[in-house]
Amino acid sequence: MKVLRCIVIAGVVSALGVSMLAFQGPMIEEEEAPSTIPGGRNPAEWTFARFHYRMGNEYGFRGFQRWAADYPKSDRQFEQGVRRLTRLHTRRLEQVVDADNDDLYNWPWIYMEDGGWWDLSDAQAARLREYLLRGGFLYADDSHGDAEWETFARGMKMIFPDRPIEDLRDDDEIFHVFYDLDDRIQIPGTRYIWGGRRYTPDSAVPKWRGIRDDRGRIMVAITHNSDVGDAWEWADSPRYPEKDASLAYRIGINYIIYGMTH
């Protein structure tokens, strides 16, 4: 796999930590990231690769495609944080990938939004299985409640029929490879902050889960009942809680460093 074992940082975090993510410029929540960035596709050590998947109904409710939630603002603001808080050489423009062709193998770290709505084919599941066993890393975020979990878990069962999804332990290296994340909390989406939605009993407790290979390496990291991507997207908003945004950036950076060094 191209670039899969690239040498990654012993990154030095800014002394001011994630609080530096108060990005300059006006905080306009409705503002979208520009469609292009000068030099945005220049080669780099790490690229934010977002996973595109099909749904049972490809266009979802009112044409909304779940894989693209928070896209592209979340991806680009998170990349800015990674560049600012580590010495990892990052690409400024995100990449959309899928499991329909071998281009998937060019991107060693991929992020999936709202996997509680995906609908995999057998061929896609087989390619994802090979990708992960070759050393790839999938971060699955923003599934909530039992119904979405069942859909997500069904897809993972297609990929790995014999590998369990397990609850990660506090002492797992993925929580300590860069930042120490002993005090993890539920990271809310904006719909739970200013959108008026309330957590149901099956979505109120955050879950930190994963799937390992035969050597114990975490291939798939899962944040269930949290919306880390929303925190990346709204880190520039005074309405989004700083403690949640800070944790979201630390989680994402830990998952990058772990995925690219294991």
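In which sense do strand 3 and strand 4 pair, and over how many bridges? The legends below, for close-up views of a predicted model, begin with that pairing.

**View 1. Strand 3 and its partners, strand 4 and strand 1.** Strand 3 and strand 4 (residues 137-143) pair in the parallel sense, over five bridges. Trp 109 stands opposite Phe 137 of strand 4. From strand 3 the chain passes through helix 2 (residues 122-133) to reach strand 4, in a β-α-β crossover that is right-handed. Strand 3 also pairs with strand 1 (residues 49-51), again in the parallel sense, here over two bridges. Within this pairing, Ile 110 of strand 3 is the bridge partner of Ala 49.

**View 2. Side chains of strand 3 (residues 109-113).** In a regular strand, side chains alternate between the two faces of the sheet. Trp 109, Tyr 111 and Glu 113 point one way from strand 3, whereas Ile 110 and Met 112 point the other way. Five of the five residues are buried, so strand 3 is largely enclosed by the rest of the structure.

**View 3. Helix 2, with a buried side and exposed residues on the other side.** The twelve residues of helix 2 should span 16 Å at 1.5 Å a residue, and the end C-alpha atoms are 16 Å apart, which agrees. Gln 124, Ala 125, Leu 128, Tyr 131 and Leu 132 of helix 2 are buried. These residues cover an arc of only 125 degrees around the axis, which puts them on the same side of helix 2. Asp 122 and Ala 123, on the other side of helix 2, are exposed. The buried residues of helix 2 pack against strand 1, strand 3, strand 4, helix 3 (145-159) and strand 7 (218-224). Gly 135 follows helix 2 and has a positive phi, near 125 degrees.

**View 4. Backbone at Asp 70, Pro 72 and Asn 225.** Most residues other than glycine have a negative phi, and most peptide bonds are trans. The loop between strand 1 and helix 1 (73-85) holds Pro 72, and the peptide bond from Tyr 71 to Pro 72 is cis, with omega near 0 degrees. Asp 70 lies in the loop between strand 1 and helix 1. Although Asp 70 is not a glycine, its phi is positive, about 75 degrees. With a relative accessible area of 14%, Asp 70 is buried. Asn 225 is found in the loop between strand 7 and helix 5 (228-233). Asn 225, not a glycine either, has a positive phi of about 65 degrees. Its relative accessible area is 2%, so Asn 225 is buried.

**View 5. Surroundings of Tyr 139 in the largest nonpolar core.** This core has 37 residues, and Tyr 139 and Tyr 255 have the most contacts inside it. Helix 1, strand 3, strand 4, strand 7, helix 5 and helix 6 (242-261) are the elements that give two or more residues to this core. Helix 6 gives the most, with eleven residues. Leaving aside neighbours within four places in sequence, Tyr 139 is in contact with Trp 109, Ile 110, Tyr 111 and Met 112, among others. Its contacts also include Ala 221, Thr 223, Val 228, Trp 232, Ile 251 and Tyr 255. A second, separate core has 30 residues, including Phe 51, Met 112, Leu 138 and Ile 159.

Methods: Residues are numbered from 1 along each chain as its sequence is written. This is a predicted model: local features need pLDDT of at least 70, side-chain atom pairs count only at pLDDT 80 or more; totals for chains, interfaces and linings use all residues. Side-chain values use heavy atoms; hydrogens and water are left out. Buried means under 20% relative accessible area, exposed over 50%, partly exposed in between (1.4 Å probe, protein chains only). Helices (H or I, at least four residues) and strands (E, at least two) are DSSP runs, numbered from the N terminus. Two strands pair if DSSP finds at least two bridges between them. A crossover is right-handed if, with the strands pointing away from the viewer, the path from the first strand over the helix to the second runs clockwise. The expected span of a helix is 1.5 Å times one less than its number of residues. The arc is that of the directions from the helix axis to the C-beta atoms. Contact means heavy atoms within 4.5 Å. A nonpolar core is a set of buried Ala, Val, Leu, Ile, Met, Phe, Trp, Tyr and Cys residues joined through side-chain atoms within 4.5 Å.
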